[in-house]
Amino acid sequence: MHAFIKEITHFKQIPDDPYQLVGAFCCMLIPLLIGYFSGNMTSASFMSFGSLTFLYSKKQAARTLLPRTFLIGLLLLAGHAFGMLATALPWTALFVVGFFGFFSRLIFRLYKIINPGAFFVVMVTAMGDEYE
């Protein structure tokens, strides 16, 4: 039990590329500015999903990076779609967000996807609940 608690509370420092954050900022800024100046922030938030997937990319071989990026993009898209469907019955939103939080955490642990974790999938699913 002690080893389990130690494993959960221990955080490993992972060296990140500082240019990745600058690239993610630019990838997020351009769609948001387009949405702001066109007066359509709904499409701007949908266009910025690509930058969330970009944050998960690391320097890896293409044969491991492509399936992981595809899986993350699929989880983000499915979470957003089911979040939008959950607005039909408002009481289902909690269950949809909880299910995608659990499922994405499980997938991320199985495939050892670490930074930034399953948080973005939960955030995108909850953001899908805002559309009506």
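Is Phe99 buried, partly exposed or exposed? I found Phe99 partly exposed, because its relative accessible area is 48% (buried is under 20%, exposed over 50%, partly exposed in between, with a 1.4 Å probe and protein chains only).

A note on the source: this is a predicted model, where local features need pLDDT of at least 70, side-chain atom pairs count only at pLDDT 80 or more, and totals for chains, interfaces and linings use all residues. Residues are numbered from 1 along each chain, and side-chain values use heavy atoms, without hydrogens and water.

Next I looked up the partner of Phe99. Phe99 and Phe103 make a stacked aromatic pair, 5.8 Å centre to centre with 10° between the planes (ring centres of Phe, Tyr or the six-membered ring of Trp within 6.5 Å; planes under 30 degrees apart are stacked, over 60 edge-to-face, the rest tilted). Both sit in helix H6 (residues 93-110), four residues apart, about one turn of the helix (helices are DSSP runs of H or I, at least four residues, numbered from the N terminus). Phe103 is partly exposed, at 31% relative accessibility. I also noted one aromatic cluster of Phe82, Phe99, Phe100 and Phe103.

I counted six aromatic pairs by this rule. Trp91 and Phe95 are edge-to-face, because their ring centres are 6.3 Å apart and their planes at 80°. Trp91 is exposed at 57%, and Phe95 is exposed at 55%.

Last, I turned to helix H2 (residues 18-38). I found Leu32 there, and Leu32 is partly exposed, with a relative accessible area of 31%.

Definitions and conventions:
Helix = DSSP H or I, 4+ residues; strand = E, 2+ residues; numbered from the N terminus.
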